[in-house]
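This briefing collects the computed features of a single structure, grouped by topic. Please view the sequence and the structure before reading on.

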Amino acid sequence: IHREHFLSAMKIFNEIIQQISETAPTSETALSASQPAEAPRISNEIDRSERYIDQLKGISDKNGFEIDFSHAYELIDIARNQLGEGNSEAANSTIEEIKHSISELNKTLREKTRQYTTDRAKTLAEKYLEDLDILIAEAEEVGVSQETLAKLVEIKEHLNSASDSSDVDQIINELRQLISAKQDFEDTKI
């Protein structure tokens with residue numbers, strides 16, 4: 001009888017141990033238990049980051065800038081996979097990498113925009129310099145005063161030196177002065 005009680009008790013004990021080990025949270029199960037609370041926040045952050053990257057890419061494409069966005073999109077995929085596997089900690093770490101990548105993309109986009117603006121201002125200045133040469137020749141033919149002619153030559157020199165620099169504001173200011181002087185000259189012809 002003792003032996004039967006012992007075997008029965010051992011059987012019950014083993015069943016209880018097995019049930020406890022099946023229901024006891026392992027570290028992965030504990031992570032999954034916290035997962036539902038954090039998963040929506042992480043998922044939203046990944047989605048928000050992807051939309052922002054899409055916006056930056058749209059700006060880049062619209063302006064014809066060649067910027068590589070593949071690394072940022074790879075990080076988005078990695079974060080989604082990590083979240084899908086229940087690894088919130090790794091997904092959060094990848095989100096930090098995504099934020100850094102976005103910051104770098106933003107910086108690159110600003111630099112390209114600044115260079116594009118400078119190039120456009122220089123092109124415009126060159127066009128106006130050509131127009132100014134014609135205007136000066138025309139002013140000499142018409143016999144405008146030396147003061148007006150000197151003013152046109154001075155504006156040309158300022159615009160020429162401004163277009164050699166990368167200072168867009170200076171180029172724009174010189175172009176404004178040129179447009180004003182050109183209008184004054186046109187008014188004197190009438």
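Glu38 counts as partly exposed, at 28% relative accessibility; this class lies between buried (under 20% relative accessible area) and exposed (over 50%), with a 1.4 Å probe and protein chains only. The closest N and O atoms of Glu38 and Arg41 are 3.1 Å apart, and the two residues form a salt bridge, defined as a side-chain nitrogen of Lys or Arg within 4 Å of a carboxyl oxygen of Asp or Glu.

The structure is a predicted model, in which local features need a pLDDT of at least 70 and side-chain atom pairs count only at pLDDT 80 or more, while totals for chains, interfaces and linings use all residues. Residues are numbered from 1 along each chain as its sequence is written, and side-chain values use heavy atoms, with hydrogens and water left out.

**Confidence**

- The protein chain has an average pLDDT of 78, and 74% of its residues score at least 70; pLDDT is the predictor's confidence in each residue, on a scale from 0 to 100.
- Among the elements of the chain, the lowest mean pLDDT, 54, belongs to helix α1 (residues 2–23), and the highest, 96, to α3. Helices are DSSP runs (H or I) of at least four residues, numbered from the N terminus.
- The pLDDT is below 50 over residues 21–35, a stretch that has 8 contacts in the model beyond near neighbours in sequence. A contact means heavy atoms within 4.5 Å.
- Where pLDDT is low, the predicted coordinates should not be read in detail.

**Salt bridges**

- The whole structure contains 8 salt bridges. Side chains of opposite charge can pair when their charged atoms come close.
- Arg41 and Glu38 are 3 residues apart in helix α2, which means that about one helical turn separates them. Arg41 is partly exposed, at 39% relative accessibility.
- Arg80 and Asp47 form a salt bridge whose closest N and O atoms are 2.6 Å apart. This pair links distant parts of the chain, as Arg80 lies in helix α3 and Asp47 in helix α2, 33 residues apart.
- Arg80 is partly exposed, with a relative accessible area of 31%, and Asp47 is also partly exposed, with 25%.
- Asp131 and Lys127 meet through their side chains in a salt bridge of 3.0 Å, N to O. Both residues belong to helix α4 (residues 88–142) and stand 4 residues apart, about one turn of the helix.
- Asp131 is partly exposed at 24% relative accessibility, as is Lys127 at 44%.
- One network, made by salt bridges that share partners, joins Glu38, Arg41, Glu45, Glu96 and Lys99.

- Glu45 is a residue of helix α2 and counts as buried, at 13% relative accessibility.
- Leaving aside residues up to four places away in sequence, Glu45 touches Ile95 and Lys99. The C-alpha atoms of Glu45 and Ile95 are separated by 7.8 Å, although the residues are 50 apart along the chain.
- Ser60 also belongs to helix α2, which covers residues 27–62. Ser60 is buried, with a relative accessible area of 0%.
- Beyond residues up to four places away in sequence, Ser60 touches Phe65, Ile67, Phe69 and Leu109.

**Helix α3**

- The 15 residues of α3 (residues 70–84) should span 21 Å at 1.5 Å a residue, and the end C-alpha atoms are 21 Å apart, which agrees. The expected span is 1.5 Å times one less than the number of residues.
- The buried residues of α3 include Ala72, Leu75, Ile76, Ala79, Gln82 and Leu83. They cover an arc of only 130° around the axis and therefore lie on the same side of α3; the arc is that of the directions from the helix axis to the C-beta atoms.
- Gly86 follows α3 and has a positive phi, near 85°.

**Aromatic pair**

- The whole structure contains 1 aromatic pair. The ring centres of Phe65 and Tyr116 are 5.9 Å apart and the planes stand at 75°, so the pair is edge-to-face.
- Phe65 lies in the loop between α2 and α3 and Tyr116 in helix α4, so the pair ties together parts that are 51 residues apart in sequence.
- Rings of Phe, Tyr and Trp (its six-membered ring) pair if their centres lie within 6.5 Å; planes under 30 degrees apart count as stacked, over 60 as edge-to-face and the rest as tilted.
- Phe65 is buried, with a relative accessible area of 11%, whereas Tyr116 is partly exposed, at 36% relative accessibility.

Notes
Helices (H or I, at least four residues) and strands (E, at least two) are DSSP runs, numbered from the N terminus.
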